[in-house]
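Here is a short tour of a ligand site and a helix pair. Please keep the structure open as you read.

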Amino acid sequence: MNAVLAIGFGIASLAAVWFAWRYIRLRRRLDMYSGALRQSQSLNLPTDVRNLEDLSSAVNSLVSNFNLQLSTLNAKHKRLAAVLEQMTDGVLIADSNGQVQFANPAAEKLFESPNAVGRTVIEVVRHHQLVEVWRRCQQTNELQSEFLELPARRQFLQLIAIPDQHAGGSLLLAQDLTRVRRLETVRRDFISNISHELRTPLASLKALTETLQDGAFSDPQAGPRFLGRIATEVDALTQMAQELLDLSKIESGQVALNLASIPPKALLMSAADRMKMQAERAGLTLHVECSNDLPNVRADPARLEQVLVNLIHNAVKFTRPGGDATLLAEAASRAVRFAVKDSGIGIPSDDVPRVFERFYRVDKSRAGSGTGLGLSIARHIVEAHHGKIWVESEEGKGSIFYFTIPVA
Ligand code: ADP
């Protein structure tokens with residue numbers, strides 16, 4: 001019984017200790033909270049909260065302003081990158097050590113140096129004259145500009161080197177003027193050719209008229225002969241004027257093509273009919289070889305007949321009597337390939353690439369040679385039809401002039 005009492009008493013005292021310990025902990029915590037509360041009241045909380053709110057909204061507006069500026073800057077950067085990407089002029093930016101920091105695609109293409117960034121200007125431009133322009137800009141810290149002809153690369157460039165005043169590097173701007181230069185040369189050649197071509201017939205007309213004035217006019221034999229030669233020279237000049245007019249009209253795109261769907265055979269037959277007499281007079285036989293089931297071509301019949309007539313005219317001029325000329329047409333990929341083949345004197349291989357140039361004649365002294373404009377006109381007409389023209393020829397054996405015209 002005593003034992004039971006002792007155990008009961010022990011349990012009761014343990015419970016009392018536990019409760020007392022819990023009470024002390026609770027009390028301590030309450031004291032802490034009340035202290036903090038008192039402290040917070042002395043801070044005047046509502047005003048500080050307002051200040052904090054102001055600060056936070058100021059920071060927010062700063063952030064949104066910053067974001068706006070960042071996106072404007074990004075948009076500008078993208079626009080600039082697109083311009084540099086699409087520019088036909090090459091742009092290179094190099095640092096003060098001559099290491100390329102930026103190169104647009106045009107620069108890499110122009111200097112034939114892919115992956116230019118990270119390499120030196122010397123490695124990228126690979127030409128001493130170009131490097132020299134950049135060096136001068138670095139040394140003088142002044143803009144340098146130069147026109148340079150690079151025969152090995154068949155390029156004509158303008159290089160502008162602009163110093164970067166802040167970073168000590170430079171910006172190189174390269175313009176490819178090769179095409180402009182070529183056009184200028186063609187124009188200059190054209191003027192010099194035309195004056196040359198006019199001088200010869202005009203000089204002979206002058207000589208003939210002077211001879212007539214000096215008494216040949218009343219000579220019953222010489223008079224009519226000289227007049228006949230004058231007429232021939234005038235005809236040649238008239239033809240040249242007409243051909244030049246045709247050429248300039250076609251080249252400037254003034255000639256509107258009256259395109260229609262035409263059977264190739266009809267084109268060959270009408271050109272052959274027109275040239276038959278001339279071929280017979282020159283002692284040549286003119287053949288036409290063309291199947292009836294070729295697809296129609298999309299062409300201006302009058303202009304294509306002019307091409308065929310020019311080619312047949314040449315075949316007749318440059319083939320000896322007894323030879324023959326053949327007009328052919330056959331199917332090609334989405335086009336019809338026309339050909340004018342002769343058994344004539346042929347064209348030396350060196351001259352083959354040049355016969356389509358204006359005024360080009362293989363042998364200017366060759367009898368029957370004309371103005372050198374016929375093939376040039378033919379080429380322009382064929383190209384206006386989106387076709388191609390070319391020649392295969394062997395000296396002494398003959399020539400074949402081919403051209404293609406897309407099917408209708
Ligand atoms: P041309 O009025 O002199 O015939 P073209 O432009 O028609 O002018 O021809 C240019 C030159 O090409 C001719 O002068 C001639 O030397 C050469 N040529 C053209 N066609 C032939 C051909 N069928 N056979 C040989 N040479 C040709």
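A polar side-chain atom of Asn 314 sits 2.8 Å from an oxygen atom of the ligand, a polar contact in the sense of N or O atoms paired within 3.5 Å. Backbone atoms take part too: a polar one of Leu 375 is 2.9 Å from a ligand oxygen, and a polar one of Gly 372 is 3.1 Å from a ligand oxygen. On its own the ligand exposes 520 Å², of which the protein buries 98% (Shrake-Rupley areas, 1.4 Å probe).

This is a predicted model, in which local features need pLDDT of at least 70 and side-chain atom pairs pLDDT 80 or more, while totals for chains, interfaces and linings use all residues. Residues are numbered from 1 along each chain as its sequence is written, and side-chain values use heavy atoms, leaving out hydrogens and water.

## The shell around it

Around the ligand are 20 residues, and Asn 314, Lys 317, Asp 342, Val 362 and Leu 375 come nearest (a heavy atom within 4 Å counts as near). The shell has eight nonpolar, eight polar and four charged residues, with Gly counted as polar. At least two shell residues come from each of α9 (301-317), α10 (374-384) and β12 (398-406); these are DSSP runs, H or I of at least four residues for helices and E of at least two for strands.

## α8 against α9

Helix α8 (residues 264-281) packs on α9 at about 35 degrees, the axes 9 Å apart; axes are fitted to C-alpha atoms over the stretch in contact, with angles from 0 to 180 degrees between N-to-C directions. Contact (heavy atoms within 4.5 Å) involves, among others, Leu 268 and Met 275 of α8 and Leu 308 and Ile 312 of α9. By class, the contact residues are twelve nonpolar, three polar and two charged.

How values were computed:
Polar contact = N/O pair within 3.5 Å; in protein donor to acceptor, adjacent residues only side chain to side chain.
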